[in-house]
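I opened this entry to keep track of what I looked up in the model.

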Amino acid sequence: MADDGYTHITNTDYSPVAIERLRSLYPSYNDRLSYAVADARSMPQYADGCFHGVLDKGTLDALLCGDTDERDAAALLGEVWRLLAPGAAYVMITSGVLLQTRLDFVCLCLRHNAWCALQMH
């Protein structure tokens, strides 16, 4: 994304080890990339509507594999919608194995956000 002109990219992960690894892999992008250890289910360090897009690459998948899957998935999606600016996009990359399960949770969140629209590709 940084190579395609995006200038303010915030990368978050629950693991401090993963964040440090990313920092060390891409030092030449430090002017465009920022990194933070964060729990995607609750990120009070970020203001409402502060992101113009959220890219979820497996986070919802991982949360749906736990003992508290429904509660964790709802918390994640609620936080995503809180952080998105009006008109912004949530892009979810999923394993697709249980695509309907993922869509069910996204649709649950959509019911609480009239300005959202779901598109599948």
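I started with D39, which counts as partly exposed because its relative accessibility is 24%. R82 came next: it lies in helix α3, while D48 sits in the loop between β2 and β3, so this pair ties together parts that are 34 residues apart in sequence. The side chains of R82 and D48 meet in a salt bridge, at 2.6 Å from N to O. R82 is partly exposed at 24% relative accessible area. D48 is exposed, at 58%.

Within it, D39 forms a salt bridge with R41, and their closest N and O atoms are 2.6 Å apart. R41 has a relative accessible area of 27%, so I noted it as partly exposed.

I also checked D31 and R32. Their side chains meet in a salt bridge at 3.5 Å, N to O. D31 is exposed, with 60% relative accessible area. R32 is partly exposed, at 24%. My count of salt bridges came to six.

**Overall fold**

I am working from a predicted model. The chain has four helices and four strands. Read along the sequence, I get the pattern β-α-β-β-α-α-β-α. The chain holds 121 residues, and buried ones make up 31% of them.

**Largest pocket**

I looked up the volume of the largest pocket and got about 1,400 Å³. It is lined by 40 residues, and the closest to its centre are T10, N11, T12, V54 and L55. Which element gives the most to the lining? I found that β3 does, with seven residues. At least two lining residues each come from β1 (9-13), β2 (33-37), β3 (51-57), α2 (59-63), α3 (69-83) and β4. I sorted the lining by class: 25 nonpolar, eight polar and seven charged residues.

**Surface patch**

Last, I looked for nonpolar residues on the surface. M1, Y6, L55, V91 and I93 form a nonpolar patch there. Together they have about 490 Å² of accessible area. I picked out V91, which is found in strand β4 (residues 84-93). V91 counts as partly exposed because its relative accessibility is 43%.

How values were computed. Residues numbered from 1 in each chain as written. Predicted model: local features only at pLDDT ≥ 70, side-chain atom pairs only at ≥ 80, totals over all residues. Heavy atoms only, no water. Patch = residues over 30% accessible without salt bridge, like charges linked within 9 Å, V, L, I, M, F, W, Y side chains within 5 Å. Areas by Shrake-Rupley, 256 points an atom, 1.4 Å probe, with all protein chains shown as cover. Salt bridge = Lys/Arg side-chain N within 4 Å of Asp/Glu carboxyl O. Buried < 20%, exposed > 50% of the residue type's maximum accessible area, 1.4 Å probe, protein only. 1 Å grid on protein atoms, 1.4 Å probe; cavity = no way out; pocket = protein on both sides within 12 Å on 5 of 7 lines; lining within 4 Å. Points joined across faces, edges and corners; volume = space filled by probe spheres on them. Nonpolar A, V, L, I, M, F, W, Y, C, P; charged D, E, K, R; others polar.
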